[in-house]
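Okay, thanks for making the time, everyone.

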Amino acid sequence: MTALLGLWPEMQDTCTSLGLMLSIVLFMGLARVVTRQQLNGPMAHAFVLEFLATFQLCFCTHELQLLSEQEPLHPTWPLTLIYFFSMVHGLTLVGTSSNPCGVMMQMMLGGMSAETGAIRLLAQLIGALCSRYCMGALWSLGLTKYHVSERSFACRNPIQVDLPKAVIIEAVCSFIFHSALLHFQEVRTKLRIHLLSALITFLVYAGGSLTGDVFNPTLALSLHFKCFDEAFLQFFIVYWLSPSLGILLMILMFNFFLPWLYDNHTTNKKE
């Protein structure tokens, strides 16, 4: 009984963080419903929905990162939360990407115009920065013992390997995730969300201790804004160029190299 009472403050803080994340998911969901009902212009519609999606993703990830730092030697609970909230985002953020790499992939594959892509990228950038400053204001309220405003003004460098390795990790993770995203489109929605959530959890487990395993430029900007200010070139290369490189390699492989290889093999077989 005494042990349970000793754990109660920790449980209370965890429940508060979970309540905040679920509240923002519900609030963003309500905002999306209002947006779909009130906005008619396709560009304004796309901008607001992408902004809300990016804000939700960044807000929840800030809080998840806070929870995961409390017991780094016991990753089971944080990974469970990552899987759960990945499913939540997959269910609630349909039609948005919350990731510049996803927008770039759609544009390169011809599924999105340049104008729409630019609008979505701008919305993601604004949503990521707004979520960061909202989290700073929220943490200053001290709702839990981990909520301290100093967190938002400090650079906690997640890169624990040298630059070439960090570039490879982020590029490979971006390649794997977006390859799955592209090829799981024919899978039933409910199953696809579980598969992508499991993949995200695995990638975070595999590379999280090395680079943070973000493979999302706007999310990285929101999480590590102060680090971008202090070491811009390093963070720009790792968190912006590397995921984009992964997308480019994926498209080159699946749209050009593998079809060419198949055609070449078919031609040789006929001869």
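Let's begin on the surface: is Leu245 buried, partly exposed or exposed? Leu245 is partly exposed, at 38% relative accessible area; buried here means under 20%, exposed over 50%, and partly exposed in between, with a 1.4 Å probe and protein chains only.

Quick housekeeping. This is a predicted model, so local features need pLDDT of at least 70 and side-chain atom pairs count only at pLDDT 80 or more, while totals for chains, interfaces and linings use all residues. Residues are numbered from 1 along each chain as its sequence is written, and side-chain values use heavy atoms, leaving out hydrogens and water.

Back to Leu245, which sits in helix α10. Helices here are DSSP runs of H or I, at least four residues, and strands are E runs of at least two, numbered from the N terminus. A nonpolar patch on the surface is formed by Met108, Leu245, Leu248, Leu249, Leu252 and Phe256, and together they have about 540 Å² of accessible area. For the patch, residues need over 30% relative accessible area and no salt bridge; nonpolar side chains (Val, Leu, Ile, Met, Phe, Trp, Tyr) are joined within 5 Å, like charges within 9 Å. The areas are Shrake-Rupley with a 1.4 Å probe, and for residues only the protein chains shown count as cover. Helix α10, residues 232–270, gives the most to that patch: five residues.

Residues 16–34 are 100% helix and 0% strand, with end C-alpha atoms 27 Å apart. For 76–96 it's 81% helix and 0% strand, with the ends 29 Å apart.

Now inside. Which residues have the most contacts in the largest nonpolar core? They're Met21, Ile24, Phe59, Cys60, Leu81 and Phe85, in a core of 21 residues. At least two core residues come from each of α1 (2–38), α2 (42–68), α3 (76–92) and α5 (114–139). A core is a set of buried Ala, Val, Leu, Ile, Met, Phe, Trp, Tyr and Cys residues joined through side-chain atoms within 4.5 Å. Beyond its neighbours within four places in sequence, Cys60 touches Met21, Ile24, Val25, Phe85 and His89, contact being heavy atoms within 4.5 Å. Apart from that core there's another, of 15 residues, including Ala128, Val167, Phe228 and Tyr239.

How many salt bridges does the structure hold? One, and it's Glu50 with Arg120, at 2.5 Å, N to O. The criterion is a Lys or Arg side-chain nitrogen within 4 Å of an Asp or Glu carboxyl oxygen. Glu50 is in α2 and Arg120 in α5, so the pair ties together parts 70 residues apart in sequence. Glu50 is buried at 0%, and Arg120 is buried too, at 15%.

Also in α2 is Phe51, partly exposed at 22%.

Last thing, the backbone. Most residues other than glycine have a negative phi. Ser98, in the loop between α3 and α4 (100–108), has a positive phi of about 55°, and Ser98 is buried at 3%. Phe215 also has a positive phi, about 40°; Phe215 is in the loop between α7 (189–211) and α8 (217–223), buried at 6%.
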